Amino acid sequence: MRFTVYTLFPQLIEAWRGEALIGRAARHGLIELEARDLRRFAGNRTGRVDDAPYGGGAGMVIRVDVAAAAIAEARAGDPTPDEVVLLSPAGAPLTQRTVEALVRQRHLVLLCGRYEGFDARTEALVDREVSLGDFVLMGGELAALCLVEAVARLLPGVLGDADSHAQDSFTTGLLDHPEYTRPPEFEGSPVPEVLRSGHHAEVARWRRREALRRTLERRPDLLQGAPLDDDDRAWLASLRAGPQDGA
Ligand SMILES: C[S@@+](CC[C@H](N)C(=O)[O-])C[C@H]1O[C@@H](n2cnc3c(N)ncnc32)[C@H](O)[C@@H]1O
């Protein structure tokens with residue numbers, strides 16, 4: 001899968017491309033991650049891409065002609081991008097469902113803003129606007145890299161174990177169950193006995209129930225859309241009822 005990132009700071013993207021699992025995926029040809037400098041489209045010798053906002057106010061705005069020229073280059077690329085994505089706090093919050101949709105594409109183009117962001121007319125030139133959440137970053141690069149990581153890890157061969165994302169938080173509609181490793185006891189806190197029992201069915205049942213417990217406690221909103229069976233619903237009802245007298 002190919003990712004082309006348009007940015008004023010290509011080195012930020014290139015640094016990421018060399019390291020860890022993204023670096024390994026790039027070396028193995030599972031992904032291509034290319035950074036392109038937005039300043040190439042400045043149309044002046046200084047490389048200046050921004051201008052003052054109409055109506056006044058603080059900060060500078062990236063010009064629409066700069067964005068349009070970059071997007072035109074991207075759309076003429078080979079392979080043709082499936083989507084041009086603008087990273088913006090005003091975009092739709094990135095979710096695992098969106099990530100699962102994006103992983104079906106062959107080529108994504110990601111457009112990173114800086115300063116006060118892009119001229120609003122840029123929005124009409126892209127296919128999708130994505131936000132990382134309800135906070136404001138200094139630039140779109142980290143948001144773009146988060147999107148690249150979230151999508152790339154779903155590609156076959158990128159993670160060592162093909163099943164390792166199957167139980168991830170949000171993939172199942174719930175938060176993930178808690179995980180433990182050695183030592184079996186740490187400062188009086190033991191690993192739950194069932195996880196050391198070797199009883200696979202009991203382990204699976206415990207994990208499902210703990211995933212439900214965590215989700216109920218921390219993200220009850222997720223339960224509305226999660227696929228639940230009768231056992232799940234009965235377990236959630238018992239958790240909601242709390243400890244019973246004499247239990
Ligand atoms: C300082 S921000 C611009 C913020 C803009 N004035 C606003 O309040 O919506 C500069 C750039 O950072 C990126 N950015 C900042 N926060 C983001 C977020 N939550 N999600 C995605 N991109 C973000 C966008 O590319 C944006 O154009």
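F170 sits in the loop between α5 and β8. Helices here are DSSP runs of H or I with at least four residues, strands are runs of E with at least two, and both are numbered from the N terminus. Phi of F170 is near 80°, a positive value in a residue that is not glycine. F170 counts as partly exposed because 17 other C-beta atoms lie within 10 Å. The cut-offs are these: 20 or more other C-beta atoms within 10 Å of a residue's own make it buried, 12 or fewer make it exposed, and partly exposed falls in between, with C-beta atoms placed from the backbone.

The model is predicted: local features need pLDDT of at least 70, side-chain atom pairs count only at pLDDT 80 or more, and totals for chains, interfaces and linings use all residues. Residues are numbered from 1 along each chain as its sequence is written.

Y115 also has a positive phi, near 55°, and is not glycine. Its loop runs between β6 (107-111) and β7 (128-131). Y115 is partly exposed, with 17 C-beta neighbours inside 10 Å.

| Cis bond | Omega | Loop holding the proline |
|---|---|---|
| D78 to P79 | about 0° | P79: between α3 (64-75) and β5 (83-93) |
| R182 to P183 | near 5° | P183: between α5 (141-152) and β8 (185-186) |

What are the domains of the chain? Domain 1 covers 2-152 and domain 2 covers 185-241. These bounds come from an automatic or database domain assignment. The centres of domain 1 and domain 2, taken over C-alpha atoms, are 39 Å apart.
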